[in-house]
Amino acid sequence: MAKKNKQFEKRMSNIPVKNSKESTPEENVLIYKEGMTVAEVAAGMKKSIPSIVMKLMQVGIVANQNQTIDRETIELVAMEFGYELKDEVITDASRFDEITIEDDPKDLVSRPPVVTIMGHVDHGKTTLLDTIRNSRITSGEAGGITQHIGAYQVEKNHFAITFIDTPGHAAFTQMRARGAQITDIVILVVAADDGVMPQTEEAIAHAQAAGCPIIVAINKMDKPTANPDRVMEELTHFNLIPEAWGGDTIYVPISALKGTGVDQLLEMIQLTAEMKELKANPNRLAMGTVIEAQLDKGRGPIATFLVQNGTLRVGDVVVCGNTWGRIRTMEDDRNHRFTNVLPSTAVSVTGLASVPLAGDKFTVVADEKTARDIAQKRTYRAKDALESAKKATSLEELFQKNDPNRQKELNLIIKGDVQGSVEALRSALEKLNVEDLKVNIIRSTVGTITDTDVSLAEASHAIILGFNVRPMASVRNEASNKGVEIRLYNVIYDVLNDIESALKGMLDPVFEEVVIGQAEVRNLFKLSKVGTIAGCYVTDGVIERGSLVRILRDGVVVFEGKMASLRRFKDDVKEVKQGLECGITIENFNDIKENDIIEASVQKEIPRV
């Protein structure tokens, strides 16, 4: 065991880990966390919220305390206050999937691409997978009985390619919904005699939503009714424009049954992968994603690991999702056993304590105790997250202007009764223009709302719009469980009005500063516990408690901030009107002088039209 730990420490010592070491609080340092609000920035720098709001206004940004601001803006504000911005230090080992490990560029080497094949049923997806898999035998590799592990690797001209054999785009999307981005390239199989079909459209929507480059394989070119030009023309409607027509999508005519064009398809995969410059560091601890998992009566939990970085070895202790274990065996789809595997390799592993979920991340840790503790923490956190889970997206949430998590793009899935209605609705929605916000149509098809639509909506944070269609009860229940909103309409203007209102609700509120009054400082009182109290006479308008204030000295602004208190004699009051005297204290400012003018103002929201 001691020898094992020494080997582990040696492997660990070569890995620079970003934000993984404990750090003591530093003066004038603001720790940046994703999605920080104005209030959190103020608290991090121990400044008042109005002072941050004022500073944002000076750089042309109007924000309230609950509004999130981007990292660049936060860094600019921090510099104005003399603070240095540093990223959050993640010290909780149970958040291993959030820790960024920075590899030295000189340690990176090329890795094989990970490819997923998708397409409509009966278009030849399975035949193509089998043809590519069996091509290994002709290339001199040993054949034999294969097992289904959900992935396999082939070699073409000494270039390895890893294929993920998922049950289809539904599984692909479920994994993406759980944050597992494992695919580098998607192969879209379309039958030359059949053209674009409903599942073809679904596959395109899922691949494009994941941001994966698509290579189109036009299959069944051996059939006399094959019409590849028709396929290319139909796919241009989905922004898959062939290179021959001035686009950037690669099209390869093939016959999966006869093997024609498959070599050219593999070459195109190799070319696309080389352009993407896929790299990984094999000389570090392994991490990756679970492709699929099951419980075997004889061998216990079995999971297919896709190693995405580092080298995985037999005997390594891993945390995988909310479970853990020590790697006992590793096999590929031909039952070949391995003692270690490199990045972009998929293997079936045994040794886990329980069955993980597809899409779970895994990482190697030091020992079993660490693994057990991390897995337990992650289990508790998953339960808490489940209990406090909120809906994915709803129009009611988007109507709320002060929602700090609001989107700047509204994703929609349209389902209608006839093609004419769907096209008219899509065209009308795409023309909606509310400042810099836009509607993003993920998918628009004819037919009832299905489980696949719900899965896509969950992964893309989209809202499903049904026009003259109704989902089955099972689909409605699944949408409710996944937090996906389905809105049903039969009048097109109702759809447009709701979506336009939602977009307006997504806009940042616009505020205008309104000066409400001025007061002249005539006396000063200094109290040790309170600071400087300005005895004032209200010369114009009204002074309200909690107002934003400016201190004017000889007409020059010497301070901007917020009023701390407002008194008439010994009583706290809400406001003091013109012609009356009052006592005012200012937050974080005591250098008030007689004859200074205190100008009070408020922020009023301007209604959008």
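The axes of helix 13 and helix 14 (residues 473-482) come within 9 Å of each other and cross at roughly 15°. Here an axis is a line fitted to C-alpha atoms, for helices over the stretch in contact, and angles run from 0 to 180 degrees between N-to-C directions. Helices (H or I, at least four residues) and strands (E, at least two) are DSSP runs, numbered from the N terminus. The model is a predicted one, where local features need pLDDT of at least 70 and side-chain atom pairs count only at pLDDT 80 or more, while totals for chains, interfaces and linings use all residues. Residues are numbered from 1 along each chain as its sequence is written, and side-chain values use heavy atoms, with hydrogens and water left out.

Helix 13 and helix 14 are therefore roughly parallel to each other, a label for angles under 35 degrees. On the helix 13 side, D451, V454, S455 and E458 meet V475, E478, A479 and K482 of helix 14, with contact meaning heavy atoms within 4.5 Å. Sorted by class, this contact has three nonpolar, one polar and four charged residues. For the classes, Ala, Val, Leu, Ile, Met, Phe, Trp, Tyr, Cys and Pro count as nonpolar, Asp, Glu, Lys and Arg as charged, and the others, Gly among them, as polar.

The class tally for helix 7 with helix 13 is three nonpolar, three polar and one charged.

How much of helix 13 is covered? Helix 13 (residues 451-460) has eight of its ten residues buried, that is, under 20% relative accessible area with a 1.4 Å probe, protein chains only. Among them are V454, L456 and A457.

Helix 3 (residues 49-58) is largely enclosed by the rest of the structure, because seven of its ten residues are buried. These are P50, S51, I52, V53, M54, K55 and L56. Their cover includes helix 2 (38-44), helix 4 (71-80), strand 25 (548-553) and strand 26 (556-568). Following helix 3 is G60, whose phi is positive, near 85°.

Definitions and conventions: Buried < 20%, exposed > 50% of the residue type's maximum accessible area, 1.4 Å probe, protein only. Parallel < 35°, antiparallel > 145°, perpendicular 65-115°, else oblique.
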